[in-house]
Amino acid sequence: MEDSLARLLRGVYESGEAHDLKTTDRRRRMLNITPDTGLFLSILVRATGARRVLEIGTSNGYSTIWIAEALRQRGGKVVSVEVSPEKEELASKNIGASGLSNLVDLHQGDARSFLRTLSLHSFDLVFMDAERTEYLDYWGEVDRALKPGGVLVVDNAVEPKPEELVDFFARVNESGRYLGQVLHVGKGEFLAVKLETT
Ligand SMILES: C[S@@+](CC[C@H](N)C(=O)[O-])C[C@H]1O[C@@H](n2cnc3c(N)ncnc32)[C@H](O)[C@@H]1O
């Protein structure tokens, strides 16, 4: 990654952290992934050869920029949905500054309705980083949109409230169609592959 983009990413992350420190309303916080999670996503996108990535929870675009940068050489799209109009606007500005807008489709709205618009098996990788208590509501559509052989990544598998994800991970594992495990990267990443036999 070139120095200017690394600097931009650091700036987006640091301003997100500073904002979150002085913001008591959780819904207004940026809640970015950690930088090592960004690197992990970048490696995963490159290693899997993913071209179509779905992100649920854009915030200020920090993770979106990591993913878009990883797509740049091969080409592709990261489609990202964010419910907050203010955050979506900020993400659009940050992504514009990164020079990666051509690799990103931003959608402002509730993931629950947006996910219903997605086509069957239209994504190679899905990154879930939105409202954890809603993940069971997202699941049917996420499962439908992810192609067999595709990869699912779920942030916050270890912190801050792993109990919120117990039922969701049970649903994924009990489907018998995914092979997954929690990795101790950042705040804990649940990484699963959708089995090809489905
Ligand atoms: C943890 S933050 C995402 C951080 C971002 N992935 C990053 O690391 O840069 C979660 C985001 O999900 C958004 N969100 C919460 N519920 C949502 C929903 N139902 N649909 C779409 N976005 C939602 C929140 O507004 C918040 O910006």
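Analyst: Ile67 touches Leu41, Val45, Val53, Glu55 and Val78, leaving out residues up to four places away in sequence. Contact here means that two C-beta atoms, placed from the backbone, lie within 7 Å. The model is predicted: local features need pLDDT of at least 70, side-chain atom pairs count only at pLDDT 80 or more, and totals for chains, interfaces and linings use all residues. Residue numbers start from 1 along each chain as its sequence is written.

Ile67 belongs to the largest nonpolar core, which has 51 residues. Val53, Ile67 and Val126 have the most contacts inside this core. The largest share of the core comes from α3, with 7 residues. A nonpolar core is a set of buried Ala, Val, Leu, Ile, Met, Phe, Trp, Tyr and Cys residues joined through C-beta atoms within 7 Å. In soluble globular proteins, nonpolar side chains tend to be buried together.

Now α3 itself. Helices (H or I, at least four residues) and strands (E, at least two) are DSSP runs, numbered from the N terminus. In α3, 10 of the 10 residues are buried, so the helix is largely enclosed by the rest of the structure. Among them are Tyr62, Trp66, Ile67 and Glu69. Buried means 20 or more other C-beta atoms within 10 Å of the residue's own; exposed means 12 or fewer, and partly exposed lies in between, with C-beta atoms placed from the backbone.

Thr58 sits between β1 (52–56) and α3. Thr58 counts as buried because it has 29 C-beta neighbours inside 10 Å. Beyond its neighbours within four places in sequence, Thr58 contacts Thr64, Ser80, Val81, Glu82, Lys87, Glu88, Ala91 and Leu106. Asn32 is 26 residues from Thr58 in sequence, and the two C-alpha atoms are 9.0 Å apart.

The ligand comes next. Around the ligand there are 19 residues, and Gly57, Ser59, Tyr62, Ser63 and Ala111 come nearest. A residue is near a molecule or strand if its C-beta atom, placed from the backbone, lies within 6 Å of it. At least two shell residues each come from α3 (62–71), β2 (77–82) and α5 (111–114). Tyr62 and Ser63 are also among the buried residues of α3. The shell divides into 7 nonpolar, 5 polar and 7 charged residues. Ala, Val, Leu, Ile, Met, Phe, Trp, Tyr, Cys and Pro count as nonpolar; Asp, Glu, Lys and Arg count as charged; the others, Gly among them, count as polar.

Strands β6 (residues 178–183) and β7 (residues 189–194) run antiparallel, joined by 6 bridges. Two strands pair if DSSP finds at least two bridges between them. Gln181 has Leu191 of β7 as its bridge partner, and Val182 stands opposite Phe190. The two strands form a hairpin with 5 residues between them, and Gly186 in the turn has a positive phi of about 55 degrees. β7 also runs antiparallel to β5 (residues 146–154), with 4 bridges. There, Val153 stands opposite Leu191.

Finally, the whole protein chain. It has 7 helices and 7 strands, in the order α-α-β-α-β-α-β-α-β-α-β-α-β-β. Buried residues make up 41% of its 198 residues. Among contacts between residues at least 6 apart in sequence, 72% join residues at least 24 apart. The C-alpha trace spans about 45 × 40 × 30 Å along its principal axes.
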